[in-house]
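The sequence and the model are shown first, and the description follows.

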Amino acid sequence: MEFIESVFREIIGFLGITNIMEIVKEGNYGILKTYDGIVALILPIIPLLMLLEFILGLVYKKPHTKVYKVNFLIYLFNRFLGRFIAIAMVAFCIGLFQDHAIIKTNRTWYWFIYGYIVWEFGHFLYHYWGHKVRLFWCLHSTHHVPENMNLSVVYAHFFLEAPYADAIRTTVCILLGVRPEFLVIIMFIDGTYGAFIHVGENLIKDARFGFLNKIMLTPSHHRVHHARNPLYMDTNFCNLLNIWDRVFGTYQEEDREIEVEYGITREVNSGNFIDVYFGEFIALFKDMYNAPGLKNKLLYAIMPPGWDHNGNHKTAKVVRENYFSAMEKPDVGLKKAEVLD
Ligand SMILES: [Zn+2]
Ligand SMILES: [Zn+2]
């Protein structure tokens, strides 16, 4: 039943009628005079017309399936534009670094396992810097804005994030001798599993998967990664194996007492494309513009999000430290609500 409901929600989402349904349900017709209301009205027109057109095509036995097919491919191409740039980036890094590999490997199975562990290391680096270097956070933050977890979050990415990620992951792998033919398979597994870990609670409520939670990265770990709760912030950077989170001390299990609050700490209008896609760039440019001196301006771009040139830092590290010290001294320390502010 839950599955049918979530499929139904997916279709409603594709048709762009989620907002209109909300407005009708709440009887809040006044909003139709606002920008958001007008967008809610316009959004479903094309998908609904396309559907009507297709149904009429079936009725008249002229469905023009070829045209739909081609247009669907164009739609896919546009969606995966970033992916194509990323593939070009992978090819470029292989060509550039293949002759400089410091380890020679062959096609034996254990070099594949080695390759996967090295890939996860590259993934850890790209993802860690994506959270700790503000300019890279601008590329990665689009993925963290959604205030709910479901499989559509898989598609929430700034188009230049994939090339950035693959430049780092591929370079690390090739320099450490991972074979390109293994890399292709590893990337496929990584991409497929990396999508699966975004499965929402409507499909799988408890995603810890018993003992597997101890030996690999489960959707439960990734839910924690997408949380803005102080305990969960900037943890679980791995994708399938959680070796490197354990090595670098960023491993965090889901605590059933602390409900995951998805999203980022910045005030964000998650229904506004510009804010979701470019919001962090705008915030960074504002901070750089207002900062005194060239050094401070540059520091804003390379220091972690929340860094402040006056020393009033609100980085994840500071927020977590405040949280833990409040936990240790509950009466003198800050209350949880205050830490969240
Ligand atoms: Zn992340
Ligand atoms: Zn994610």
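A residue is counted as buried if 20 or more other C-beta atoms lie within 10 Å of its own C-beta atom. By this criterion, 24% of the 341 residues of the protein chain are buried. The model is a predicted one.

**Overall architecture**

The protein chain contains 17 helices and 0 strands. Among its contacts with a separation of 6 or more, 63% are between residues 24 or more positions apart.

In soluble globular proteins, nonpolar side chains tend to be buried together. In this model, the largest nonpolar core comprises 24 residues, and Trp119, Cys173 and Val178 have the most contacts inside it.

Helix H9 supplies the largest share of the core, 7 residues. Another core, of 7 residues, lies apart from this one and includes Ile197, Phe237, Cys238 and Trp244.

Beyond its neighbours within four places in sequence, Trp119 is in contact with Arg169, Cys173, Val178, Ile186 and Asp190.

**Packing of H7 against H10**

The axes of H7 and H10 come within 10 Å and cross at roughly 55°. Angles of 65 to 115 degrees count as roughly perpendicular and those under 35 degrees as roughly parallel; H7 and H10 are therefore oblique to each other. The crossing of H7 with H10 is right-handed.

On the H7 side, the contact is made by Phe112, Gly115, Tyr116 and Trp119, which meet Phe182, Leu183, Ile186 and Asp190 of H10. Sorted by class, this contact has 6 nonpolar, 1 polar and 1 charged residues.

**Gly115**

Where does Gly115 lie? Its place is in helix H7. Gly115 has 21 other C-beta atoms within 10 Å, and it is therefore buried. When residues up to four places away in sequence are left out, Gly115 touches Cys173, Val178, Arg179, Phe182, Leu183 and Ile186. Gly115 is 10 residues from Thr105 in sequence, and their C-alpha atoms are 9.5 Å apart in space.

Technical notes
Residues numbered from 1 in each chain as written. Chains lettered and ligands numbered in written order. Predicted model: local features only at pLDDT ≥ 70, side-chain atom pairs only at ≥ 80, totals over all residues. Core = buried A, V, L, I, M, F, W, Y, C linked by C-beta atoms within 7 Å. Buried ≥ 20, exposed ≤ 12 C-beta atoms within 10 Å, placed from the backbone. Helix = DSSP H or I, 4+ residues; strand = E, 2+ residues; numbered from the N terminus. Contact = placed C-beta atoms within 7 Å. Axes fitted to C-alpha atoms, helices over the stretch in contact; angles between N-to-C directions. Parallel < 35°, antiparallel > 145°, perpendicular 65-115°, else oblique. Left-handed = near helix turned anticlockwise from the far one by under 90°. Nonpolar A, V, L, I, M, F, W, Y, C, P; charged D, E, K, R; others polar.
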